[in-house]
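Morning, everyone. Please have a look at the model first.

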Amino acid sequence: MLRRREGFAPNLCRLVLQVTLYGSWAFGLFPFTLDPQTRQLRRHRWLLVYGVAINLFLLCIVVLLSEYSEETAQSLEVFQRNHLLGLMNVIIGVLALIASCGIIFISFWKSGQALCIFNELLGLEHRHFGCLDVEDSSKFNFYVIQKGMSVVGELMGLVVVNFGMPEYTMSYLYLALLCLTQFCVHLVVTQIYLAILYIYRSVWLINRQLLGVVSRLRVDPFSDSSRIRLLLFLYGRLLALNKQMETTFNGQITLILTSALAGNIVVIYFLIVYTVSLGQLSISLAIFPYSLIMNVWDYWLSISVCDLTERTGRHTSTILKLFSDLEHTDEDLERSINEFTWLCSHRRFRFGLYGLCSVNSETGFQMIVTSFMYLLCLVQFDFMNL
């Protein structure tokens with residue numbers, strides 16, 4: 001999966017993949033080692049113990065230091081002026097801690113299921129997709145690079161808030177540990193993000209090969225079309241893998257999206273209180289739009305990769321319709337196309353939240369609208385204090 005490609009964007013993409021892999025190993029968030037003979041991952045017991053220990057230690061230290069930091073924060077003028085904002089700050093802090101613990105420790109709890117998913121992706125890459133030219137698959141590199149940049153932007157946001165928020169500073173030790181904890185959370189999130197992207201990339205390659213078969217049959221109706229059967233088999237494996245990923249990662253995806261939206265509500269409310277209640281208009285308040293942009297960017301990337309995979313799967317059905325315009329007498333090809341069409345119509349690529357809804361652009365917009373409705377309710381509830 002980390003094979004070498006040429007060009008600036010592929011090399012930057014490779015750098016993001018390497019940082020994710022080695023960073024996950026360093027913090028014990030990827031408790032697997034590669035067997036060079038079988039080219040499969042194996043779960044390493046001591047890496048798992050190390051990961052649980054170091055992340056539990058980081059979270060405990062952050063919780064202990066956050067008590068002192070919270071006492072200092074509650075004495076700020078903005079919290080004295082608006083007690084609801086102070087209460088929201090505490091609640092969101094607790095929710096962020098719960099989300100961080102959940103995202104990290106669910107990854108340890110379900111490491112066995114994750115191992116099966118990663119091994120299946122490795123097998124598909126090594127046996128079927130690794131030898132193909134994917135230079136035109138620019139969206140893969142594009143989304144990987146964006147994810148790396150968004151993580152850097154999120155971590156910079158923590159530093160900017162510390163030095164830019166009026167009348168507020170936190171200890172350098174607490175800031176460093178908080179950044180490390182958030183980096184660990186982002187590493188786990190990036191692993192899920194990349195797994196979804198590899199599903200997209202595999203489906204995209206199948207679609208391109210289907211288009212290649214259509215082009216050959218248009219030129220020569222008697223050309224070999226036996227590869228359709230293999231593509232049908234691979235498509236079925238990817239659908240099964242998609243279902244397995246949905247079952248394994250739906251808890252973490254729910255925590256990721258929920259915490260992002262809750263954080264956005266608080267950031268906007270902070271900005272409203274500073275500008276309306278306190279009447280402060282200074283360059284330091286730019287930290288709030290910056291944090292909002294970074295949060296929305298990271299949130300929308302999570303939505304986009306799920307939506308991209310879903311749309312790419314739907315495009316397969318469109319490509320299969322092209323075979324109906326071809327003139328051929330191959331019964332095996334006709335049978336394979338019918339099975340392929342049936343598979344695409346009855347099973348689709350989707351990433352759901354416990355079966356309640358699919359994660360796609362439509363759901364993403366609905367969640368953003370819902371968060372703004374909650375913000376309006378807050379403003380109306382606390383209107384007299386603004």
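Is Tyr299 buried or exposed? Tyr299 is buried, with a relative accessible area of 2%. Here buried means under 20% relative accessible area, exposed means over 50%, and partly exposed lies in between, with a 1.4 Å probe and protein chains only.

A word on the source. This is a predicted model, where local features need pLDDT of at least 70 and side-chain atom pairs count only at pLDDT 80 or more, while totals for chains, interfaces and linings use all residues. Residues are numbered from 1 along each chain as its sequence is written, and side-chain values use heavy atoms, without hydrogens and water.

Now the pairs. The structure holds 13 aromatic pairs. One of them joins Phe105 and Phe108: 5.9 Å centre to centre, 55° between the planes, tilted. Rings of Phe, Tyr and Trp (its six-membered ring) pair if their centres lie within 6.5 Å; planes under 30 degrees apart are stacked, over 60 edge-to-face, the rest tilted.

Both Phe105 and Phe108 sit in helix H4, residues 83–109. They are 3 residues apart, about one turn of the helix. Helices are DSSP runs (H or I, at least four residues), numbered from the N terminus. Phe108 is buried at 7%. Phe105 is partly exposed at 25%.

Back to Tyr299. Its ring and that of Trp300 have centres 6.3 Å apart and planes at 50°, so this pair is tilted. Trp300 is partly exposed, at 25% relative accessibility.

Finally, a cluster. Ring pairs link Tyr22, Trp25, Phe30, Phe32 and Phe118.

Technical notes. Helix = DSSP H or I, 4+ residues; strand = E, 2+ residues; numbered from the N terminus.
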